Amino acid sequence: MAEKGASGLSLREVAREMGVVSSALYRYFATRDDLLTALIVDAYNDLGEYAERAALRVPRSDSRRRLHAAAAAIRKWAKSNPNEYALLYGSPVPGYEAPQFTVEPAARVAVVLGSIVADAWQQSSADPEDDDDGSTMKGLLETRNLDGAMPGVPEPVRALSLMVWSQIFGCISFELFGHYKGSVRNINRFFTIVVDEAANLVLPPD
């Protein structure tokens, strides 16, 4: 997969690399897509667990530091596992459609970020509905699908959280795929600022 990309994954070639006959591998994975799904689920769970552990190391009362810890963990995992990250967040594999049961492992990392925002607002006396611009965010989301990840968080804050999600992962993807070359001198400091700005969008004022 590292050499040819996910679309070039072949059960026969994997078997050849392992030194076994392809029929032995087909006992475990009936098709290339089954193997691809197993790799995707494994990667999502690994990333989710990595982010969960990072967030748990910081007190729940320190939401900004928790967000930084989770974002830094996601970035570190991506840089340590570039092929797996590309499999999850890179170009779709032509002809492949992930089965429904991949949704739960895929959501683990989102739940980490969502719970940080939810905890912050639950502990705050600030009212997100006081934001005059909040009305422009209403009616944008499939609210029911976000109830589990962000319980009790008003829709405008949920919408901003999805923007932040895109912002953090977009920054990581740009770094990983070389799009910041020639533009950003200090990527570590740049990423810290990106997460700080993201926190300003979704966390209640101190």
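The model is predicted: local features need pLDDT of at least 70, side-chain atom pairs count only at pLDDT 80 or more, and totals for chains, interfaces and linings use all residues. Residues are numbered from 1 along each chain as its sequence is written, and side-chain values use heavy atoms, with hydrogens and water left out.

- Asp-119 belongs to helix α6. Helices (H or I, at least four residues) are DSSP runs, numbered from the N terminus.

**Largest pocket**
- The largest pocket holds about 420 Å³ of space. A pocket is an open set of points on a 1 Å grid over the protein atoms alone, where a 1.4 Å probe fits, with protein on both sides within 12 Å along at least five of seven lines. Its volume is the space filled by probe spheres set on the points, which are joined across faces, edges and corners.
- Its lining has 19 residues, each with an atom within 4 Å of a point. Ala-110, Val-111, Leu-146, Ala-149 and Leu-162 lie nearest the centre.
- Two or more lining residues come from each of α6 (103–122), α7 (143–146) and α8 (155–176). Helix α6 gives the most, with 8 residues.

**Aromatic rings**
- The whole structure has 8 aromatic pairs. Rings of Phe, Tyr and Trp (its six-membered ring) pair if their centres lie within 6.5 Å; planes under 30 degrees apart count as stacked, over 60 as edge-to-face and the rest as tilted.
- Tyr-85 and Tyr-89 form a tilted pair, because their planes are at 45 degrees; their ring centres are 5.1 Å apart.
- Tyr-85 and Tyr-89 are 4 residues apart in helix α5 (residues 82–89), so about one helical turn separates them.
- Tyr-85 is buried at 0% relative accessibility, whereas Tyr-89 is partly exposed at 24%.
- Phe-174 and Tyr-180 are also tilted, with centres 5.4 Å apart and planes at 55 degrees. Phe-174 is partly exposed at 40%; Tyr-180 is buried at 17%.
- One aromatic cluster consists of Tyr-44, Tyr-85, Tyr-89, Trp-165, Phe-169 and Phe-177.

Definitions and conventions:
Buried < 20%, exposed > 50% of the residue type's maximum accessible area, 1.4 Å probe, protein only.
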